Amino acid sequence: MSTRLTKKRWATALGATVATLALAACSGGEQGSASTDDPIVVGISLPLTGDFSEPGKGVQRGYQAWAKIVNEKGGLLGRPVELKILDDQSNADRVVSDYEQLIGQDQVDVVVGPFSTRLVVPAARVAEEYGMLFVEPAGAAKEVFEQGFKNLFYAAPAVANDHYNHLAEYILGLPAGQRPTTAAYAAMDDPFAQGTAYGLKEKLEAGGIRTVVDEVYPPNTTEFSGIAAKIASSKADIVVGGSQYQDGVNLIVALQQLAYQPKLAAFSTAPTSPEFAAAIGNKTEGILAPTGYTQQAPYPSNVEFVEKYTTQFGTPPEEDEANAYTTGQVVAAAITAVGCAEQGDCQRKLIEWVRGNTVETVVGPLSWDATGKPKGAHMIQQWVGGEIQIVLPGDAKEADIVYPKPAW
Amino acid sequence: MTSGALIFQSVVLGLLLGGLYALLASGLTLYFGIMRVVMIAHSAFLILAAYLAWWSHTRFGVDPLLSLVVTVPLFFAAGVLLQRGLLSRLRPATLTMMSVLLTFAIAVIIEGLLGYAFTGTQRRIQLGYGTANLELFGARIAVVKLIAFGLAAAALLTLYLLLKRTTFGWALRATIQHPDAARLVGIDTNRVAGHGFGIGLATAAVGGTALALDTTIYPSLHWHWIGPLMAIIVVGGLGSVPGAAAAAMVLGLTQSLLQIPLNTTWAQTVFYLALLATLAFRPQGFFGGRLAQRF
């Protein structure tokens, strides 16, 4: 670990040196304004091979769909958008040199973020050294926002701990007679999965809902009857799972086998998977889940995105694609509003604009705090009538939330 | 805070879990007994059987238990072929060590083929009775866990009777106890060992099906199982089927009960603590099986 950190520091130091040299070299040159038919070049480094190649390619498709849709409408500021994508091979050292090349050598007009938290931080650091706006589609972990970046914006509705905000608000807003009084939590020992459950836990505890079970399990756990027995025996009013996929499914089935009937059951990730209903059949009714993106979201640009994306790629977009598209939308909104897209002073104006404004996107309106953390929350979906439907917030809902949930 | 009901429920769950562990570990201890083979691929075969049960259920709509009609003979044949064609060719002097490498490769191949055929998507058999349960003095017993336990009991009983009451069983036990002496009295030890290996793999077909009833499966799931199963057969005494069964019950029960005061991480650790204690204080195992002493 320490060697990796050291390496990273070296890379940063090296990056800073190169940056200084590059700036020195540039300052003599002319920063001539681009002519109107020059394309706006968007520089991106993505993991197209290696550990993150699956989501990396998803993000790439999202960016490609965005460029295509923008260009079909005549581009930005009358200029076509062109993507310049480099493959970082899922390697954090590589991502640094990629962004240095894009900004310093290739002189791209704007940059947008790579995939995965691990790569977002070093990439954002390079962009910051060059004073570039850095909107990114991945990197929801809280460390990203603890680095003191002034140029970074996460283009998604919320970080993990805020996923359940709409649900917390709903639960705490229930009349005293209906409001649950006890809650059980089971979370995977993973910053993302645990973050979702603990975000809700913190808010419910502050609202006076007592925690009766708080279990954390290692990521490889497959046997959940023990945890389920504890939860069932506590007779908690509600159960919250900070889950990914198989753990969520196995825990839900284990709870059902013990005839535990909570008033509310919320699990992250698992219930939104297409495989969920195939796994547990008609026992899904009433289960809640937060979601960062759904093809059904009624935001106008989303309807267009889903339609055109499906025509372009043959399948509807998923969350990775949508996050990349959202990133593009944020950058496009800033460029259109400020009226420029090049390196130099323009970037400062773009950063200021994004910080001060709300952008309409495929995941709803987005705005950010000083650290670049989005101020929103995830939509809450519920299995109602054999389908997963948006129930919260009120202005995006497809169905009314069912509480207490029917027996499963 | 801990109620009697929770303890009783945990005991019930622990016994059911122990039964499943016993079934999953029985083949593993048998291979070791027969030919000193450390069969890393055993759990990969379990997952393969689970996938076949899932596939026949989704594809043809048949109850996963029916897939046993095909998978048990299939796995028996595969076991015989594996032993005759590959494992028996290893040099006796380095057999135990080399079998680890060979079966490791087989495990990786099975995992790769499963991923290729069924993708990495995590699957679960959707059963009408998947969450059905019976009540017993306030504790709930899931029907699928009871079926898995029943399968385990039936398979282990069959194995026991086969080893103790049939001529083939005597020949197999003679091969386990002293191959040279067995050959002297006219036992074709090579053939017996092949069949013994086939029986071991046939238990994997039963175990995998039992596992599929109540687990979400994915190609790499076998790595999660091989550690605890190895621990069980060492604690039970390498080569002893009743020993493995007893160790499995004790460890399953302990794991389930430790879950109450501790958490999942520590409850899982019980396998490795038991393994460590066995190796340190009683390398021949706690429940019979004197084989280990000979190494």
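This is a guided tour of a predicted model with chains A and B, moving from one selection to the next.

Before selecting anything, note that residues are numbered from 1 along each chain as its sequence is written, and that chains are lettered from A in the order in which they are written. Because the model is predicted, local features need pLDDT of at least 70 and side-chain atom pairs count only at pLDDT 80 or more, whereas totals for chains, interfaces and linings use all residues.

**Stop 1: the two domains of chain A**

Colour residues 2-22, 33-158 and 298-366 of chain A as domain 1, and residues 162-291 with 378-396 as domain 2; these bounds come from an automatic or database domain assignment. The C-alpha centres of the two domains of chain A lie 33 Å apart. Their contact takes 6 residues from domain 1 and 7 residues from domain 2 of chain A, where contact requires C-beta atoms, placed from the backbone, to lie within 7 Å. On the domain 1 side, 5 of the touching residues are nonpolar, 1 is polar and none is charged (Ala, Val, Leu, Ile, Met, Phe, Trp, Tyr, Cys and Pro count as nonpolar, Asp, Glu, Lys and Arg as charged, and the others, Gly among them, as polar).

**Stop 2: a parallel sheet**

Next, select β1 to β5 of chain A, which form an open sheet of 5 strands in the order β2-β1-β3-β4-β5 with parallel pairing. Strands here are DSSP runs of E with at least two residues, and helices are runs of H or I with at least four, numbered from the N terminus; two strands pair if DSSP finds at least two bridges between them. Strands β2 (81-87) and β5 (152-154) of chain A each have a single partner strand and stand at the edges, so one side of each lacks a neighbour in the sheet. Neighbouring strands of this sheet are turned by 25° against each other on average, direction ignored. Zoom in on β1 (residues 40-46) of chain A, which pairs with β2(A) over 7 bridges in the parallel sense, and pick A:I40, whose bridge partner in β2(A) is A:V81.

**Stop 3: helices across the sheet**

**Stop 4: backbone details**

Centre on A:L77 in the loop between α2 (53-72) and β2 of chain A, where phi is near 55°, a positive value in a residue other than glycine. With 15 C-beta neighbours inside 10 Å, A:L77 counts as partly exposed, since a residue is buried at 20 or more such neighbours, exposed at 12 or fewer, and partly exposed in between, with C-beta atoms placed from the backbone. After β14 (387-392) of chain A, look for A:P393, which is joined to A:L392 by a cis peptide bond with omega near -5°.

**Stop 5: where chain A touches chain B**

Finally, show both chains: 29 residues of chain A are in contact with 27 residues of chain B. On the chain A side, β7 (210-217), α7 (225-234), α8 (246-257) and α9 (276-280) each supply at least two residues. By class, this side of chain A has 13 nonpolar, 11 polar and 5 charged residues.

Technical notes
Axes fitted to C-alpha atoms, helices over the stretch in contact; angles between N-to-C directions. Contact = placed C-beta atoms within 7 Å.
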